[in-house]
Amino acid sequence: MTAQIISGAELAKEKRAQLAKEVERLKREGIEPGLAVILVGDDPASHSYVRGKQKACAEVGIRSTLLTFPATITEEFLLEKIKELNEDPSVHGILVQLPLPKHIDELKVIETISPEKDVDGFHPINVGRMMVGQDAFLPCTPYGILVMVKSIGIDIAGKHVVVVGRSNIVGKPVGQLFLREHATVTYCHSRTNDLASITRQADILIVAVGKARFIGTKHVKQGAVVIDVGVNRLESGKLCGDVNFEEVKEVASYITPVPKGVGPMTITMLLHNTIEAAKKHAHRQVHK
């Protein structure tokens, strides 16, 4: 039995068509969603990600503004720029492309973004709201993963979800989102003893460790749903995930590819959050 592919690229295309209609409707009401993207330094991967985000904004009709700064800027200068964007009513979402140069404190930068404009869902206030089940901007990659799993029509309630990885951007929040859907969630990481014995219990296995082809058939239960968040570049230049796709697809029931898996959905949820931020801003203006 070969696993069915959950194509993030195809799902993203469907979702973006819906978002484009939503933006058209908002524009008729005089609301134009706006995203400001800050890019510091000249990391080629960051430049590539930002181009992808800008292209996606254009696709659905969101106005995106790119602010680029050299890696030598001071932390103080960057924080001031963010404060200016917080005050700008035409900007509904603010995104600072990570990683930042070493002399800039990423947490300080994230905390300076207004929670109402934190469309990445990284601000501690949004993280806290998510944890207690309040309305919040959900982090884009975990949110995209949840949408992908829901797209195959399985009932998440009661399923055992195993997350390999515990980063603040993917691992920790994705577990929380599945917990909200009434799954039983286990977290594993680099210090987990006998990893395979735990991952083999997973009905849904989510892998975000940043190690090429780290997860093989010995880690996966027959018929499990496998979500591969990793993006690794091999010496050949080819991209691959954290899961050994060719091996695991013969065991899993569903699997995400790399590329064209989780990546396109991450950007799609960023667009979704930006549109939601614009709607919430308009609502606050009406009820002032």
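Predicted model: local features only at pLDDT ≥ 70, side-chain atom pairs only at ≥ 80, totals over all residues.

Me: Which residue in E7 stands opposite Val161?
Reply: Ile204 stands opposite Val161.

Me: And which strand is joined to E5 by five bridges?
Reply: Strand E6 (residues 184-188) is joined to E5 (residues 160-164) by five bridges, and the two run parallel. Val163 has Tyr187 in E6 as its bridge partner. Between E5 and E6 the chain passes through helix H7 (residues 171-180), and this β-α-β crossover is right-handed.

Me: What's the strand order in the sheet that holds these?
Reply: The order is E1-E11-E8-E7-E5-E6, six strands in an open sheet with parallel pairing. Strand E1 (4-5) and E6 each have a single partner strand, so they stand at the edges and one side of each has no neighbour in the sheet.

Me: Switching to E2. Are its residues buried or exposed?
Reply: Buried: strand E2 (residues 34-40) is mostly covered, with seven of its seven residues buried.

Me: What does E2 pair with?
Reply: Strand E3 (residues 63-69) runs parallel to E2 and is joined to it by seven bridges. Strand E4 (residues 93-96) is also parallel to E2, with four bridges between them. For specific contacts, Leu39 has Thr68 in E3 as its bridge partner, and Val37 stands opposite Leu95 in E4.

Me: Which helix goes with E2 and E3 in a β-α-β unit?
Reply: Helix H2 (residues 44-60); E2, H2 and E3 make a right-handed unit.

Me: How many aromatic pairs turn up in the whole structure?
Reply: One. The pair is Phe69 and Phe77, with ring centres 5.3 Å apart and planes at 85°, so the pair is edge-to-face.

Me: New topic, holes. How many cavities of 30 Å³ or more?
Reply: The count comes to one cavity of that size, and about 60 Å³ of space lies in the largest cavity.

Me: What lines the largest cavity?
Reply: The lining residues are Ile94, Leu95, Val96, Leu98, Glu106, Val109, Ile110, Ile113, Asp118, Asp120 and Phe122. E4 and helix H4 (106-112) are the elements that give two or more residues to this lining. By class, the lining has eight nonpolar, no polar and three charged residues.

Me: What about the second largest pocket?
Reply: The second largest pocket has a volume of about 320 Å³. Its lining has 16 residues, and Gly121, Phe122, Val127, Asn168 and Ile169 are the ones nearest its centre.

Me: Which element gives the most to that lining?
Reply: H5, with four residues. H4, helix H5 (124-131) and H7 each supply at least two residues of the lining of the second largest pocket. Eleven of the lining residues are nonpolar, three are polar and two are charged.

Me: Backbone now. Where are the cis peptide bonds?
Reply: A cis peptide bond joins Leu98 and Pro99, with omega about 0°. Pro99 is in the loop between E4 and H4, and Leu98 is among the residues lining the largest cavity. Another cis peptide bond joins Val258 and Pro259, with omega about -5°. Pro259 lies in the loop between strand E11 (254-255) and helix H10 (262-286).

Me: And which residues have a positive phi of about 50°?
Reply: Asp194 has a positive phi of about 50°, and so does Arg213; neither is a glycine. Most residues other than glycine have a negative phi.

Me: Where do they sit, and are they buried or exposed?
Reply: Asp194 is in the loop between E6 and helix H8 (195-199). Asp194 is exposed, with a relative accessible area of 54%. Arg213 lies in the loop between E7 and strand E8 (225-228). Arg213 is partly exposed, at a relative accessible area of 39%.

Key. Residues numbered from 1 in each chain as written. Heavy atoms only, no water. Buried < 20%, exposed > 50% of the residue type's maximum accessible area, 1.4 Å probe, protein only. Pairing = 2+ DSSP bridges. Right-handed = clockwise from strand over helix to strand, strands pointing away. 1 Å grid on protein atoms, 1.4 Å probe; cavity = no way out; pocket = protein on both sides within 12 Å on 5 of 7 lines; lining within 4 Å. Points joined across faces, edges and corners; volume = space filled by probe spheres on them. Nonpolar A, V, L, I, M, F, W, Y, C, P; charged D, E, K, R; others polar. Phe/Tyr/Trp six-rings, centres within 6.5 Å; stacked < 30°, edge-to-face > 60°.
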